[in-house]
Amino acid sequence: MTQPTVSSRTTRDPRLDFFRGLAMFIILAAHTPGNVWTLWIPARFGFSDAADIFVFCSGLASAMAFGSIFLNKSWLLGTSRIGFRVWQVYWAHIGIFLVTAMLAFAIDHYDIGNSDRPYTHTPYVVPFFEQTGEAMLGLLTLTYVPGLFDILPMYLIILAMIPLLMLVYRSAGFPGVVLAVGALWLCANIAGYAHQMGAEDRIGLSAAHLALLQLGDALSFLNLPNNPFGEGRWFFNPFGWQIIFFTGFAFGMKWLPAPPINRTLIWVAALYVLAVIPFAWFKIHGGLYMPDSWALQDWIADTRAAFRFLWWKSDMGLARYVHFLAVAYLAFCAVGAGGRRLVTGFRAPRPLGPVGLTLAVIVLIATIPYTYVNEIMAYLPALNDLIVYYFATVGPQYFGTDLFAPAERIGLLQIAHLIAAVVLIWAAIGQSRREWLLRDGFLATVPVIRKVGTQSLAVFMTSIPLARFNGWILDLIGRDVWTFWVVNCWGFAVLIAVAYSVSWFKSQPWRNKPKAAAPPSAPQAVTPVAA
């Protein structure tokens, strides 16, 4: 078939670097041990998370970086370029594991951590110190891929699929690509489903169901082993996750057009994202925000368990994939065509009216005792005694019961407090400051986030040991609202510094730039000589 040409000088899409940069910050927070900020990352409220953003954007970036080589040069050169990138990612994976393992060992060796819990006893590094030879062999052959170190191996396997995908495109076009990617994803999900179904789970199943499981058993080679010591498999199955990578790749290659910004599609995507929240947020499906005795709570928990294979992370289940597409579409619409709002900023919404603000004040004051429990006990004991008196003594006299909230429900009151505080602060700062926040303030952060996104591999390599380091710091200084702010902001600052440093080194400022050629001098007038 005729191959379209792709310009090798592709203008970098600001949305790519912006969202990939956001993913790097989220991944650092999520990997930091005992970090309460993890309770507020996107993964808590939906099936997809920052890993999906990273893989999708990596597919988009790979199309921009390597696609023109395949189409404008040759398949062999494109494959060679991919091989070089795989080589880089492979050694990046080996390096960050060794650095992180040695960090854990150093903390224990010099006795500068939590003496009650040796850091080398953390599950992901235990085999490395107890069965070092087998672990080293597994590390180098990618048969020892413990948790926390499973994204880069998945990424390099998917990168290695690109030359095969380009061969499919040559022979069968984009429909062939869709068929190949979809079939491999389906096989990976069937194999993963069979892996999760033990012998006892298969008792009493229908013949069709058993036949599906037998097919999954036959496809078990798609479940790559994650250690040489047991029956575990890669947490990120590259044969399932390739569907989200190649979705981004297809957009980058212009095989798929950008979706239209359509009001109906926005509503459909938003409703799906909202409908997923009860099945994804553990505080709802886990019975924390609704009593277990409620029929609705039981239905949510049972439905989530019954359709686990649809949202399971390892194989990129269908519900998870659709959730990412819905979130990505909403983000696509939010930043505008071509990411224009990353350049112009957003319009500031007006605050609520008097009734709404009055209600916010009431909610803010009423929820103070439930929001700052530890802080009031530690720093304002007199106020704490007063609250306890009114809640335990006065409350029953007027309401027939005390005013203490159950521990598992107190989070709802804290969320209400946060919403009320945001509403009131938004109204108090005035229209000019509101506009500044969503225009000038926002636009000041965009280049920084984009810079982190442009150096995503170096930043990601830094974030893995940095997350362990930050967890160690929290062990030393304690975990409260202020230490979480300090440690997380410190971590974000390190990522930003790494991104700018790597960018500076890549610019090679020590090289002499070629001097511009001097403009030709004007011809001098010739004085005639008398004969």
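**Note on helix packing and aromatic pairs**

1. Helix α1 crosses helix α21 in a right-handed way. A crossing is right-handed if the near helix is turned clockwise from the far one by less than a right angle, and left-handed if anticlockwise. The model is predicted: local features need pLDDT of at least 70, side-chain atom pairs count only at pLDDT 80 or more, and totals for chains, interfaces and linings use all residues. Residues are numbered from 1 along each chain as its sequence is written, and side-chain values use heavy atoms, with hydrogens and water left out.

2. Two packed helices are described by the angle between their axes and the distance between the axes. Helix α1 covers residues 14-31 and helix α21 residues 456-477; their axes lie 8 Å apart at an angle of about 20°. That makes α1 roughly parallel to α21. The cut-offs are: under 35 degrees roughly parallel, over 145 roughly antiparallel, 65 to 115 roughly perpendicular, the rest oblique. Axes are lines fitted to C-alpha atoms, for helices over the stretch in contact, and angles run from 0 to 180 degrees between N-to-C directions. Helices are DSSP runs (H or I, at least four residues), numbered from the N terminus.

3. Who meets whom? On the α1 side are R20, M24, I27, L28 and H31; their partners in α21 include F460, I464 and R468. Contact means heavy atoms within 4.5 Å. The α1 and α21 contact residues divide into 8 nonpolar, 4 polar and 2 charged. Here Ala, Val, Leu, Ile, Met, Phe, Trp, Tyr, Cys and Pro count as nonpolar, Asp, Glu, Lys and Arg as charged, and the others, Gly among them, as polar.

4. Now α6 (residues 151-196) and α8 (residues 238-252). Their axes come within 7 Å and cross at roughly 55°. That makes α6 oblique to α8. The contact of α6 with α8 has 22 nonpolar residues, 2 polar and no charged.

5. The structure holds 44 aromatic pairs. Rings of Phe, Tyr and Trp (its six-membered ring) pair if their centres lie within 6.5 Å; planes under 30 degrees apart are stacked, over 60 edge-to-face, the rest tilted. F56 and F251 pair edge-to-face, at 6.4 Å centre to centre and 65° between the planes. F56 lies in α2 (residues 50-73) and F251 in α8, so the pair ties together parts that are 195 residues apart in sequence.

6. Is F56 buried or exposed? F56 is buried, at 15% relative accessible area. F251 is partly exposed, at 25%. Buried means under 20%, exposed over 50%, partly exposed in between (1.4 Å probe, protein chains only).

Technical notes:
Helix = DSSP H or I, 4+ residues; strand = E, 2+ residues; numbered from the N terminus.
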